[in-house]
Amino acid sequence: MPGKYDYSLLESALFFAPARYSAARLKTALAGKTVLITGASYGIGEELVDELAGTGAHLILVARTGEKLEALKKLVDENGGRATVFAVDLTKKDEVEELLGELGRLPAGVDVFVSNAGKSIRRPLYESLDRFHDFERTMALNYFAPVRLALGLIPALEKNKGQIVNVSAVNTALAPAPYWAAYQASKTAFDQWFRCAAPELERRGIAPTSVYLPLVRTRMIEPTAAYRNAPAMHPRHVARIICRLLLTRRRRFAPWWLFPAEVASAVFRRPWEAIAARFVD
Ligand SMILES: NC(=O)c1ccc[n+]([C@@H]2O[C@H](COP(=O)([O-])OP(=O)(O)OC[C@H]3O[C@@H](n4cnc5c(N)ncnc54)[C@H](OP(=O)(O)O)[C@@H]3O)[C@@H](O)[C@H]2O)c1
């Protein structure tokens, strides 16, 4: 398990999480099913495609980088599976509508929607005064796109007794950090939307699953120098956790320390706010 991701001792302790699953059982569970993965071209999405390539599920891969998606389709084909790619910018409303139109033409519709595409921005507020577009594009991708896709897919997901997997972040449950307003507000918005929708989805047979992730070593965290040596999960480990969740259909995955960290966030809210204000520029 964690050892095989080259984790340090600290990482092994922080990220110890069951990621074993039976490939044979997953193959049976996904036989004849259609799995939509947004953000399939890099990072967690790419690893998930690789992990699911041999299951025989019809994988629908969505992201902007068409050539990466085509390469992944080739990999799925070579593993005896089937993939369809859509090079779509999910911040563009008309492209999202077109994608939903294409998905609506699938004879049996989508069975699993892995809402994974995301963009993070770390920028001080005082460097953002003329950058309203930062807030628009994070909301467009991290909030409006998954809401629009979910609304369009829910009838088929209900018919198929399907599943929605929201690739979320631990930060949505913790004290807000300075410089992360655009990213955290948009991820928290979808997390709240999804948690509000979850009981209604569950009642109609759709499994709502939230995956709360700490740092994951993908290109998303590359621009942040402070994260270069920080403990981070391996994206393959995350992909395997998602595969396990496709089998268990559990409501939530979070690292073991998230609950105590949430309690600490509430208890130490005031000192945290006072300290944060001292350390920002
Ligand atoms: N990395 C972390 O530390 C971390 C921590 C917590 C949660 N997460 C969440 O994990 C998810 C996956 O992130 P990652 O770490 O794998 O990042 P990543 O390697 O940067 O991958 C992001 C994916 O989203 C796609 N994407 C970005 N903008 C898009 C757009 N406008 N339209 C369509 N697709 C778009 C990217 O593809 P194209 O560029 O080809 O469009 C890429 O496939 C995100 O939701 C993120 O919030 C990550």
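Reply: A polar contact is a pair of N or O atoms within 3.5 Å; within protein, one atom must be able to donate a hydrogen and the other to accept it, and residues adjacent in sequence count only if both atoms are side-chain atoms. The model is predicted, so local features need pLDDT of at least 70 and side-chain atom pairs count only at pLDDT 80 or more, while totals for chains, interfaces and linings use all residues. Residues are numbered from 1 along each chain as its sequence is written, and side-chain values use heavy atoms, with hydrogens and water left out.

With an oxygen atom of the ligand, an N or O atom in the side chain of T65 makes a pair at 2.4 Å, one in the side chain of S41 a pair at 2.8 Å, and a backbone N or O atom of G39 a pair at 3.1 Å. The ligand alone exposes 870 Å², of which the protein buries 96% (Shrake-Rupley areas, 1.4 Å probe).

Around the ligand lie 30 residues, of which R64, T65, N116, Y183 and T218 come nearest (a residue is near when one of its heavy atoms lies within 4 Å). By class, this shell holds 17 nonpolar, nine polar and four charged residues, with Gly counted among the polar ones. At least two shell residues come from each of α3 (43-52), β5 (163-169) and α7 (181-203), and β5 gives the most, with three (DSSP runs: helices, H or I, of at least four residues, strands, E, of at least two).

V62 is found in strand β2 (residues 58-63) and counts as buried because its relative accessibility is 0%, the limit being under 20%. From V62 to I37 the C-alpha distance is 6.2 Å, although 25 residues separate them in sequence. Besides V62, I37 touches residues that include L48, L52, L61 and V114, not counting those up to four places away in sequence.

I37 is also among the residues with the most contacts inside the largest nonpolar core, together with V35, L52, L59 and L61; this core has 42 residues (buried Ala, Val, Leu, Ile, Met, Phe, Trp, Tyr and Cys joined through side-chain atoms within 4.5 Å). Its largest share, eight residues, comes from helix α8 (residues 235-248).

Definitions and conventions:
Buried < 20%, exposed > 50% of the residue type's maximum accessible area, 1.4 Å probe, protein only. Contact = heavy atoms within 4.5 Å.
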